[in-house]
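Colleague: I would like to learn how to read a sheet and its packing from a set of coordinates. Could you take me through it with an example?

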Amino acid sequence: MGEFDYSAAFSRNIGWVTEAEQAELRNCRIAIGGMGGVGGVHLLTLARLGVGKFNISDFDVFDIVNFNRQVGASVSSLGRAKMEVMAELVRDINPEIELNTFPDGVNKDNIDAFLDGVDVYVDGLDFFAFDARRQTFAACEARGIPVVTAAPLGLGTALLVFGPGGMSAEDYFGFSGCDEMEMAVRFLVGLSPAMLQRGYVADMTRVNLAERRGPSCIAACQLCAGVAAVEVLKLALHRPGVRLAPWGSQFDAYRMRYVRTWRPGGYRNPVQRMMRFLVRRQLGQMTRAKG
């Protein structure tokens, strides 16, 4: 077995990036909150892009219900810490990688260390981790760190980027003063204003925001990782073409449709208000049907 060589390992990236840009990626530090469905595949994808430094966090362990979508989930990893497993996998790709791990997740006590020296933050937190997400997004805004969030919605991905010069995440989603159910509705509609994933759910009984559950799929997680990696590349290399919130994008592979949205005012936008009303009504109808 040959020795690891960074230049050889990532030489096939050259062409899409220059050799000088590949060296920049090697010295770039990305923080990823969460090592589950999207967080884990974000880590491996960015490592194969040649990113050389990461701060990663997760406090959970792998369970059999993770097998359908989480790249670190396997029989051999059952019961093991997600962060520990993903650290092993990423070091198998690049043994020279610089990896700072945060086994307690992201919280107020470690947020400064978690974001220290970070160029871009990639959101891989669980959909319902609103406290941690709001805290991390606010900390990134205060430090001028761009945030990339790509959500696996339906059989596709929805992308938002927050950063200097754009709308803040808190102002875009309008979480302040909301209970968890309303935050879930605002997060869902804010992530995917076009709601391309509506209409082809095969079994609506599997969707229950109140119980924090819904269907998921590896195809959507993989799409998230590809889309997010390209945005990280552009941000890290200071390339043009990144559109900040209230711009958003959604690609639905099932429908083979791509939509770019612009929602000035964020959650206050009349279209967003209407979409939240429709989502609430649908959720209410589902609750009554189950009762």
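Modeller: We shall take the sheet, then the helices packed on it, then a single residue. This is a predicted model, in which local features need pLDDT of at least 70 and side-chain atom pairs count only at pLDDT 80 or more, while totals for chains, interfaces and linings use all residues. Residues are numbered from 1 along each chain as its sequence is written, and side-chain values use heavy atoms, with hydrogens and water left out.

Colleague: In what order do the strands of the open sheet lie?

Modeller: Strands (E, at least two residues) and helices (H or I, at least four) are DSSP runs numbered from the N terminus, and two strands pair if DSSP finds at least two bridges between them. Here 8 strands form an open sheet with mixed pairing, in the order β3-β2-β1-β4-β5-β6-β7-β8. Its edge strands, each pairing on one side only, are β3 (98–102) and β8 (257–262).

Colleague: How many bridges join β5 to β6?

Modeller: Antiparallel strands β5 (residues 147–153) and β6 (residues 156–162) are joined by 7 bridges, and alanine 150 stands opposite leucine 159 in β6.

Colleague: Which strands does helix α6 touch?

Modeller: Contact means heavy atoms within 4.5 Å, and angles, from 0 to 180 degrees, are taken between N-to-C directions of axes fitted to C-alpha atoms, for helices over the stretch in contact. Helix α6 (residues 130–143) packs on the sheet, touching β4 (120–123), β5 and β6, and its direction makes about 165° with that of β4.

Colleague: Is leucine 99 buried or exposed?

Modeller: Buried means under 20% relative accessible area, exposed over 50%, and partly exposed in between, with a 1.4 Å probe and protein chains only. Leucine 99, found in strand β3, is buried at 11%.
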